[in-house]
2 protein chains.
Amino acid sequence: MPGTPDTLLALAAGSTRTAVIDGISAAGADPALMAHTPSADAELLAYGHTVRAPVVPVSPSGCPTPAVVTRAVGERLGVETLVVDAGLAEPTGAPTVGVDASPGGDVRDETPVPDAADVFAAARDLGGSLPADRLVLAETVPGGTTTAMGVLAALGERRAVSSSLPENPLSLKECVVDDGLAASDLDAGDLAGDPVAAVREMGDPVLAAVAGLAAGALDAGTDVTLGGGTQLATAGALVRHAGVEAPLELATTSFVAEDESAAIRDLAADHDLEFTVTDPGFEARERHPAMAAYLAGEAKEGVGMGGALALADEAGLGMDEVRAAVVDVYDRVTDVAPEGSA
Amino acid sequence: MPGTPDTLLALAAGSTRTAVIDGISAAGADPALMAHTPSADAELLAYGHTVRAPVVPVSPSGCPTPAVVTRAVGERLGVETLVVDAGLAEPTGAPTVGVDASPGGDVRDETPVPDAADVFAAARDLGGSLPADRLVLAETVPGGTTTAMGVLAALGERRAVSSSLPENPLSLKECVVDDGLAASDLDAGDLAGDPVAAVREMGDPVLAAVAGLAAGALDAGTDVTLGGGTQLATAGALVRHAGVEAPLELATTSFVAEDESAAIRDLAADHDLEFTVTDPGFEARERHPAMAAYLAGEAKEGVGMGGALALADEAGLGMDEVRAAVVDVYDRVTDVAPEGSA
């Protein structure tokens with residue numbers, strides 16, 4: 001409880017019905033549990049363990065949520081955090097600030113985010129009044145790369161997005177996005193310069209919240225780092241289409257940067273985002289269950305992982321210390337007894 | 001963002017329509033602003049300044065909310081805080097955890113808190129899962145001493161309550177409570193042993209939340225301090241009527257302890273609450289606007305002030321340092337320029 005924290009990491013946590021399309025997302029062990037992933041990520045970030053959520057989120061193969069990494073860095077650095085309810089579908093035990101968001105509909109619906117304007121406005125107000133010199137923004141929304149692609153299409157921008165799956169189901173996403181454009185009676189680029197409409201017709205409430213928070217904070221002179229991959233880059237695109245031209249950083253993981261299907265460097269360049277990549281060096285612990293799946297191409301990013309790694313790097317916290325912290329948090333949240341113990 | 005904080009101060013913030021009865025509460029400059037007091041108190045506790053709330057709460061005479069004192073102590077000690085939405089009537093920019101609460105009705109209605117059972121159950125679950133060795137509970141709900149009196153009446157307990165006004169309008173409260181009993185078709189004591197029904201028929205949602213949090217935390221072996229005056233003592237009575245017999249502390253201010261109309265020592269004894277009184281020594285700064293009104297009998301307590309002062313005392317933070325911190329926070333939240341400055 002400091003007077004004014006230097007840095008505040010704000011997580012926009014929400015949902016989109018797009019996530020339940022078969023094959024779209026790996027952000028949960030199965031579709032029923034996936035609905036709890038954002039609520040659980042919020043709890044992991046706020047408390048370091050789950051409170052109301054039924055399980056710690058893992059991918060179908062068992063890869064733990066990147067919230068473990070963000071929490072681990074946050075604990076070591078003492079970073080203040082804030083969770084924004086950007087349309088949670090399930091209850092969370094984490095404290096949240098509201099921005100008038102509801103769970104998002106399927107991007108193939110005519111209007112998946114009918115309250116996009118309210119969410120963007122409320123988030124912009126909030127972003128302008130948060131007590132921090134620097135705001136690091138993060139997201140958790142299963143299915144979010146598909147809605148990001150939808151928004152990029154509506155804005156007429158490069159549709160490059162990453163995936164929590166090792167094999168990015170890009171053609172499935174393209175197909176879903178094309179269906180979404182048709183349902184909204186749109187051609188690609190029709191909503192250039194109208195970011196709120198792009199989210200309303202083709203996005204998810206988390207994008208409205210992140211873009212609003214970023215725009216409001218930049219308006220107020222706060223430094224902003226978008227901590228994430230192609231979803232955060234899409235939020236950056238929305239900020240630019242809203243006419244906000246202030247410097248804006250995108251900090252992502254090496255796993256997204258190395259994903260050739262994502263073209264994140266090009267996305268960052270398209271939208272004049274200062275680009276930072278941090279490699280946590282998980283090869284050094286390649287057999288640890290909290291790290292092995294990342295090396296196999298799973299998860300890659302999320303819950304501000306890239307932003308947290310950038311903060312660690314800036315603060316001089318070595319990646320060996322980051323990995324040790326990740327193991328600590330992983331062991332705590334999964335209740336795994338150390339090898340050889342009873 | 002520590003692994004597990006030793007101490008967590010949880011503020012239950014909510015509302016009751018009872019507060020708009022003329023002459024009942026001084027927790028706001030006027031009735032329209034009073035509805036914002038809990039939301040503003042939550043922001044002051046979480047951030048040290050208001051974010052969405054229109055003003056810093058003051059009494060009609062200008063006495064600032066006791067949130068200033070709690071925040072001041074919390075900043076100096078680095079206490080982790082959590083706000084529970086126990087029926088807020090206006091938006092807050094503070095992050096909150098929900099317990100399924102809605103704003104409370106007028107105690108003279110038949111059933112002012114229809115969701116009391118859900119709120120108590122959700123708060124009890126939450127209290128049992130919060131990460132802390134010790135939980136300090138606090139309230140902000142204008143009109144809350146009247147609903148506390150209503151609950152004490154329904155339980156058949158001593159109806160001693162304090163007031164945020166220098167002259168406790170006890171006969172008005174008695175009259176309101178008698179009307180409430182009649183509207184609920186109850187005689188005093190009819191709901192002994194049924195704390196949920198007592199809140200449902202005669203209380204406010206904050207009492208359900210505080211009692212649930214306390215019961216859940218005690219169930220889980222967490223130490224609990226009720227940080228406040230007669231409303232918190234009433235929460236203690238509810239915990240006892242729920243059959244929870246674990247040790248439980250009530251920590252209040254010298255201003256409540258010296259209020260002869262409140263009989264807080266007797267209330268504490270009735271419900272087997274370990275009783276702690278802390279005097280912040282405001283006489284030493286008797287002309288300062290953040291302290292003068294307390295010496296005149298206003299406010300007295302609220303937003304965990306007594307609990308915060310007890311934490312300061314335990315930690316060896318001198319009351320001179322507490323007063324200096326109060327001045328710092330007061331100046332910051334009211335934007336008062338120091339004398340002699342431009």
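Cys63(A) is buried at a relative accessible area of 4%, and Cys63(B) is buried at 5%.

Residues are numbered from 1 along each chain as its sequence is written, while chains are lettered from A and ligands numbered from 1 in the order in which they are written. Because this is a predicted model, local features need pLDDT of at least 70 and side-chain atom pairs count only at pLDDT 80 or more, whereas totals for chains, interfaces and linings use all residues; side-chain values use heavy atoms, with hydrogens and water left out.

Turning to the arrangement of the chains, chain B is superposed on chain A by a rotation of 180° with 0.0 Å of shift along its axis, at an RMSD of 0.0 Å. The two copies are therefore related as by a two-fold rotation axis. Both copies use the same surface, since 100% of the contact residues of chain B recur in chain A. The superposition is by least squares on the C-alpha atoms of residues with pLDDT of at least 70 in both copies, and contact means heavy atoms within 4.5 Å.

The largest pocket has a volume of about 600 Å³. Of the 28 residues that line this pocket, the closest to its centre are Asp85(A), Thr96(A), Asp85(B), Thr96(B) and Gly98(B). On a 1 Å grid over the protein atoms alone, a pocket is an open set of points with protein on both sides within 12 Å along at least five of seven lines, unlike a cavity, where a 1.4 Å probe fits but cannot get out; lining residues have an atom within 4 Å of a point. Grid points are joined across faces, edges and corners, and the volume is the space filled by probe spheres set on the points. Strand β3 (96-98) of chain A, together with β3 (96-98) and α4 (116-129) of chain B, each supply at least two residues of the lining. Helices (H or I, at least four residues) and strands (E, at least two) are DSSP runs numbered from the N terminus. By residue class, the lining divides into 13 nonpolar, six polar and nine charged residues, with Ala, Val, Leu, Ile, Met, Phe, Trp, Tyr, Cys and Pro counted as nonpolar, Asp, Glu, Lys and Arg as charged, and the others, Gly among them, as polar.

Several loop residues are worth a look on the model. Arg17(B), in the loop between β1 (7-13) and α1 (31-34) of chain B, is exposed at 52% relative accessibility. Leaving aside residues up to four places away in sequence, Arg17(B) touches Gly104(B), Gly105(B) and Asp106(B). The C-alpha atoms of Arg17(B) and Gly104(B) are 6.1 Å apart, although 87 residues separate the two in sequence. Ala188(B), in the loop between α6 (170-183) and α7 (195-202) of chain B, is partly exposed at 45%. With residues up to four places away in sequence again left out, Ala188(B) touches Ala153(B), Arg159(B) and Leu181(B).

Gly316(B), which follows α13(B), has a positive phi near 80°. In chain A, Ala209(A) belongs to helix α8 (residues 205-219) and is buried at 0% relative accessibility. Not counting residues up to four places away in sequence, Ala209(A) touches Ala12(A), Ala86(A), Val99(A), Val119(A) and Ala123(A). Ala182(A), found in helix α6 (residues 170-183) of chain A, is instead exposed at 59%.

Notes. Buried means under 20% relative accessible area, exposed over 50%, partly exposed in between (1.4 Å probe, protein chains only).
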